[in-house]
Amino acid sequence: MARRKYVVGNWKMNGVKASIADAQAIFAAAANHAAVDVAICPPFTLVGALVAAAPGAAVGGQDCHSENSGAFTGSVAASMLADLGASVVIVGHSERREGCGEGDADVRAKAEAGLSAGLSVILCVGEPREIRESGGAIDYVLAQIAGSVPDDFAADRLAIAYEPIWAIGTGLVPTVGDVAALHGAIRGALAARFGGAADDMRILYGGSVNGDNAAELLRAGDVDGALVGGASLTAAKFVPIVAAAAGL
Ligand code: PGA
């Protein structure tokens, strides 16, 4: 089964009710590129409104709690996202691993919660700058994969996003060769653990993807799409990335 390209917008803590129109414009333009799966993950506050405003489109959360309910002030359960009509959830983003102290076990529990709620999961990994500079990026990322990817899931319902922390929001990107090396190593580790199912899992690249660099990054070996932050907020910036994925 050929892996379909997958381009996902991570709006982070950006977007108010008026931004729904931007998301609608993105989905409308993305419909011209039917070979590419497109999803937008707005803040929790917009998930329900975006599902209503863009019927049939893939809308997701940027995080979820590992429990289904309970005394967890401020948290949102994966089942609540599913209840709103979301179809996907991002877990393990570095802004949560680093900023909220989430470790691999937490990320794995969140991924499991997302899967049991019926969502598909985008599970993020990626090394900090000092690890990259010391030559340890592959080992670091493979340890994150070992610790945070659940044991049991349908291959098409869990995507990995490789996002080097130093490339997020900085305008810096690894060389295409470095991206291909990391993605190849991730695919190899998934194959060692899951066998042939690894061929059906998508591995996205994230970190300063934009309309100018998307085609080159998406052509790299084992790159099945992109997780996009800053350039996902408007159709003018995001749709060229979708078009680049469609043109490969
Ligand atoms: P960026 O963010 O595209 O703004 O670098 C990517 C991400 O954090 O998912």
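1. Start with two phenylalanines: Phe153 and Phe194 are both buried (buried means under 20% relative accessible area, exposed over 50%, and partly exposed in between, with a 1.4 Å probe and protein chains only). Keep in mind that this is a predicted model, where local features need pLDDT of at least 70, side-chain atom pairs count only at pLDDT 80 or more, and totals for chains, interfaces and linings use all residues. Residues are numbered from 1 along each chain as its sequence is written, and side-chain values use heavy atoms, with hydrogens and water left out.

2. How many aromatic pairs does a search of the whole structure find? It turns up two. For Phe153 and Phe194, the ring centres are 5.0 Å apart and the planes sit at 70°, so this pair is edge-to-face. The cut-offs: rings of Phe, Tyr and Trp (its six-membered ring) pair if their centres lie within 6.5 Å, and planes under 30 degrees apart count as stacked, over 60 as edge-to-face and the rest as tilted.

3. Now look at where those rings sit. Phe153 is in the loop between α7 (137-148) and β6 (158-162), while Phe194 belongs to helix α8 (residues 176-194), so the pair ties together parts 41 residues apart in sequence. Helices (H or I, at least four residues) and strands (E, at least two) are DSSP runs, numbered from the N terminus.

4. Another ring worth a click is Tyr6: Arg202 lies over its face, at 4.2 Å from the ring centre. A charge sits over a ring if NZ of Lys or CZ of Arg is within 6 Å of the ring centre and within 35 degrees of the ring normal.

5. On to the ligand. One of its oxygen atoms is 2.7 Å from an N or O atom in the side chain of His93. An oxygen atom of the ligand is also 2.7 Å from a polar backbone atom of Ser208, and for a polar backbone atom of Gly230 the distance to a ligand oxygen is 2.8 Å. Taken alone, the ligand exposes 280 Å², and the protein buries 95% of that (areas by the Shrake-Rupley method with a 1.4 Å probe; for residues, only the protein chains shown count as cover).

6. At 17% relative accessibility, Ser208 counts as buried.

7. Is Asp222 buried or partly exposed? At 26% relative accessibility, Asp222 counts as partly exposed. This residue is in the loop between α9 and β8 (225-228), and has a positive phi of about 65° although it is not a glycine.

Terms used
Polar contact = N/O pair within 3.5 Å; in protein donor to acceptor, adjacent residues only side chain to side chain.
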